[in-house]
Structure formats: structure tokens, C-alpha cells
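Have the sequence and the 3D view ready, and follow along as we go.

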Amino acid sequence: SWAWSQTQPDNNKEMLGSKKDKSGTSYWLGALLPVTDDSTFGIEYNHGSKYWRSFTYGEDTMIGSKLAARGDAYEAYYTYKINKALSAQIRYTYIDYEYTGSNAFFGNSGKPEKISDSDDANVVEKAQDLRFYIRYRF
């Protein structure tokens, strides 16, 4: 999958820390592989550019959306179907940010700055999420 975002600030206001139009891109590669009749293994890779702007605010992890990352994200998961209504999954996500502003809203807070050049002590360079769940579908 490939995506493109474009900002168009007006009235001398800022979007992503700039008063000029900025374009960003993101791409995603993944595979879902059968392991047995009742289980699958999935792997995914995502990359977002400097001015990538995602609209994935509904993320359910503490590290934010991997699809909104300005940098590289890797994910692997194993899903087991227990019965018709129950499944279990273990999932690991790792994000290596290249620019600040991932998961931020428009305005100055989304301004991309190279992580290695940032003097902000609160900048997150890498994030990980490991989760296990049992899901009931009716």
C-alpha cells in the first residue's frame, strides 16, 4: 500500500510547522501466512517520510499509530483461532522514528525535526508494544 498527504495552509497559518504546502508519503508491506488450519502469522513494515501526515487517531496502543510514524515501523503477530467465536493473538510492534511530530495534530506540534538533530529531551526515538489478547466475536 502507498499513501500521499498534502498540506495547504492558508491565511498565513502553519501546518506541520510551515506556512508552505508540504507533501508526505507512506508505504506499507505485509504478509499474512497460514501456519495451521487454525492459526496465522503476520508480518508488516511501514515507512513514513518527513512530512507524512496520517489520519489514524483511533490507535489502541500506548505508543501511537505505527501508520503515523515518520520513520520505520515493524510488526509481527501470531493469531490462533480457539473456536468459532474465540481467538487469541500475541503481537509485537517496534517503531524507529526518524522525525519528530509523528501522531501529532496539525499546527506547530506536527513540525518534523530530524530526531538526531533535536535538542528536546522529551523526543521519543524508539517505541515498542507487546500485547496479548483473547477476542470474542458474536
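Is Ile-115 buried or exposed? Keep in mind that this is a predicted model. Ile-115 has a relative accessible area of 11%, and the cut-off for buried is under 20%, so this residue counts as buried.

Where does Ile-115 sit? You'll find Ile-115 in the loop between strand S5 (86-97) and S6. Leaving aside neighbours within four places in sequence, Ile-115 is in contact with Tyr-97, Glu-98, Tyr-99, Thr-100, Val-123, Val-124 and Glu-125. For a sense of distance, pick out Ala-85: this residue is 30 residues apart from Ile-115 along the chain, and their C-alpha atoms are separated by 44 Å.

Ile-115 also belongs to the largest nonpolar core, which has seven residues in all.

Six strands form an open sheet with antiparallel pairing, in the order S1-S2-S3-S4-S5-S6. At the edges stand S1 (2-6) and S6 (126-136), and each has a single partner strand, so one side of each is left without a neighbour in the sheet. From one strand to the next, the twist averages 15°. Strands of a sheet pair through backbone hydrogen bonds. Look at S2 (residues 23-36) and S3 (residues 39-48): they run antiparallel and are joined by 10 bridges. Here Leu-29 stands opposite Tyr-45 in S3.

Next, the rings. The count comes to four aromatic pairs, and here are two of them:

| Pair | Centre to centre | Angle between planes | Type |
|---|---|---|---|
| Tyr-27 and Tyr-45 | 6.0 Å | 50° | tilted |
| Tyr-136 and Phe-138 | 6.1 Å | 25° | stacked |

Tyr-27 in strand S2 and Tyr-45 in strand S3 are 18 residues apart, and their pair links distant parts of the chain. Tyr-27 is partly exposed, with a relative accessible area of 33%, whereas Tyr-136 and Phe-138 are both exposed. Ring pairs also link Tyr-27 and Tyr-45 with Tyr-74 and Tyr-94 into a cluster.

Which residue lies over the face of Tyr-77? That's Arg-91, at 4.1 Å from the ring centre.

How values were computed: Residues numbered from 1 in each chain as written. Predicted model: local features only at pLDDT ≥ 70, side-chain atom pairs only at ≥ 80, totals over all residues. Heavy atoms only, no water. Core = buried A, V, L, I, M, F, W, Y, C linked by side-chain atoms within 4.5 Å. Buried < 20%, exposed > 50% of the residue type's maximum accessible area, 1.4 Å probe, protein only. Pairing = 2+ DSSP bridges. Helix = DSSP H or I, 4+ residues; strand = E, 2+ residues; numbered from the N terminus. Axes fitted to C-alpha atoms, helices over the stretch in contact; angles between N-to-C directions. Phe/Tyr/Trp six-rings, centres within 6.5 Å; stacked < 30°, edge-to-face > 60°. Lys NZ or Arg CZ within 6 Å of the ring centre and 35° of its normal. Contact = heavy atoms within 4.5 Å.
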